[in-house]
Every structure is written in C-alpha cells, then in structure tokens.
Amino acid sequence: MTQTPETGPQQAAASPPGDARYSAAMFKANPYINIIFDDKLRLVECNPAAVAYFGYASREDLLQNLLGLISNSIPDFQPDGSPSVPLQTRLDYVVQRGEMEFELELVFEGRRVPMRFTLIKVPVQDSFAIAGYLVDMHSLKEARGELLRQDTLMRQVNRAATRLMSADPDSFDTAVQR
C-alpha cells in the first residue's frame, strides 16, 4: 500500500469505483454512440464510437458538425406518417422534464436509418448536461422483419395443413410420412 502525507493510509489504496478515471474509461470504451450537450445545448463531448459511426476524421470535427448533420438528416415525416420533431425541440423537452427516449428515422447519404435516442439530463456541479445515447436500429429492424416474414409463412403453412387434414386425414398422414 502506497501512502502520501496528503492521503494517509486509507486513501492510498485503490481509487473508489466512482473515480472520474473509471467514468472516462467507460465512456471511451462504450461501443454505442454517446454524446454530451452542455447547459447551453452545445455539443461538447463524444466517444470514439460516435466519431467512427458518423465517419468524422476527429472528435473535434464531430463536435463542430454533428448537430447540423442530424438536423439535416431528419425527414419531414417519419415512416408511420407522423411529422418529425426537430432535435432542438426534444433537447428543450429534456431540459424541462429530465429525460426522453424516442426512435427517429434519419436519412444519411440517401439511406434511411432508424435510430433509438435516449437523452438524460444529468447534474454537473451547479448546472447540468444532457447525455445522449444513440443506437442504430437498422439490423434489429431487419431481423424483426425477417421474423415476422417467417411467422406469416408458418401461419400460412399451418392453415394449409389444417385444411388438408380436415379434407382427407389419411392422405395428409401419408404425405407427411414420405
């Protein structure tokens, strides 16, 4: 155990789990898109996953350009026909209410991308920040679509089997045993 005159023997061991170094390491290692707005709703931080996902050359490029990219990527209407709500309106809501979760379909390079947003107001010293967590839902939506397609196909097969069985049970048993 290391000891210094300032810390004494109790604090010289391991830093507590709430230490800022652990938080910073977790933020950087998170594989999902994380962004942080300050109390003036300016984008002030992001993790490496955000930089990689949006294809920026650096963290600084993302911080300067992401809000414009997202704002320009929100179509007038969502797939369900409902009008899109601007990101600024959603951030204002979070300032007042504390948090918000929503799905929003964005258009990047002509491709529609469903995104899950979670925005949470967090206290920071005498003010606040808004932590934003974004998840690309495209692959999950594709998997859901495939499952629904298979479910529909299976229902049709079951309906056909029920009709065959009720029309001629012996013939159905013979066909199934082949």
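In the predicted model, Leu-41 is found in the loop between β1 and β2, the latter strand spanning residues 43-46. The backbone of Leu-41 has a positive phi of about 65°, although the residue is not a glycine. Most residues other than glycine have a negative phi. With a relative accessible area of 13%, Leu-41 is buried, because the limit for that class is under 20%. A positive phi, of about 50°, is also found at Gln-125, which again is not a glycine. Gln-125 lies in the loop between β4 and β5, and with a relative accessible area of 80% this residue is exposed.

Of the 178 residues in the protein, 29% are buried. The accessible surface comes to about 12300 Å², and carbon and sulfur atoms account for 54% of that area. When contacts between residues at least 6 apart in sequence are considered, 32% of them join residues at least 24 apart.

The aromatic side chains were examined next. A pair of aromatic rings is described by the distance of the centres and the angle of the planes. The count of aromatic pairs in the model comes to three. In one of these, formed by Tyr-53 and Phe-54, the ring centres are 5.0 Å apart and the planes stand at 85°, so the arrangement is edge-to-face. Tyr-53 is partly exposed, with a relative accessible area of 30%, whereas Phe-54, at 12% relative accessibility, counts as buried. Together with Phe-108, Tyr-53 and Phe-54 form one aromatic cluster.

A stacked arrangement is seen for Phe-102 and Phe-117, whose rings lie 4.9 Å from centre to centre with 10° between the planes. Phe-102 belongs to strand β3 (residues 99-108) and Phe-117 to strand β4 (residues 111-124), so this pair ties together parts of the chain that are 15 residues apart in sequence. Both Phe-102 and Phe-117 are buried. The ring of Phe-102 is also approached by a charged residue, in that Arg-90 lies over its face at 3.9 Å from the ring centre.

A further charge over a ring is found at Lys-121, the charged end of which sits over the ring of Phe-128 at 4.8 Å from its centre. Lys-121 has its place in strand β4 and, at 31% relative accessibility, counts as partly exposed. When its neighbours within four places in sequence are left aside, Lys-121 is in contact with Val-94, Val-95 and Gly-98, and also with Phe-128, Ala-129 and Ile-130. Between Lys-121 and Gly-132, which are eleven residues apart in sequence, the distance from C-alpha to C-alpha is 9.0 Å.

Gly-132 is also one of the residues that line the largest pocket, in which about 220 Å³ of space lies. The lining includes Ala-20, Ser-23, Ala-24, Met-26 and Phe-27, as well as Asn-34, Ile-35 and Ile-36, and among its other members are Asn-30, Ala-131 and Tyr-133. Two or more residues of the lining are given by each of the elements α2 (20-29), β1 (33-37) and β5 (127-136). Of these, α2 gives the most, with five residues.

Glu-45 lies in strand β2 and, at 25% relative accessibility, counts as partly exposed. The C-alpha atoms of Glu-45 and Leu-63 are separated by 6.8 Å, although the two residues are 18 residues apart along the chain.

Technical notes. Residues are numbered from 1 along each chain as its sequence is written. This is a predicted model: local features need pLDDT of at least 70, side-chain atom pairs count only at pLDDT 80 or more; totals for chains, interfaces and linings use all residues. Side-chain values use heavy atoms; hydrogens and water are left out. Rings of Phe, Tyr and Trp (its six-membered ring) pair if their centres lie within 6.5 Å; planes under 30 degrees apart count as stacked, over 60 as edge-to-face and the rest as tilted. Buried means under 20% relative accessible area, exposed over 50%, partly exposed in between (1.4 Å probe, protein chains only). Helices (H or I, at least four residues) and strands (E, at least two) are DSSP runs, numbered from the N terminus. A charge sits over a ring if NZ of Lys or CZ of Arg is within 6 Å of the ring centre and within 35 degrees of the ring normal. Contact means heavy atoms within 4.5 Å. Accessible areas come from the Shrake-Rupley method with a 1.4 Å probe; for residues, only the protein chains shown count as cover. On a 1 Å grid over the protein atoms alone, a cavity is a set of points where a 1.4 Å probe fits but cannot get out, and a pocket is an open set with protein on both sides within 12 Å along at least five of seven lines; lining residues have an atom within 4 Å of a point. Grid points are joined across faces, edges and corners, and a volume is the space filled by probe spheres set on the points.
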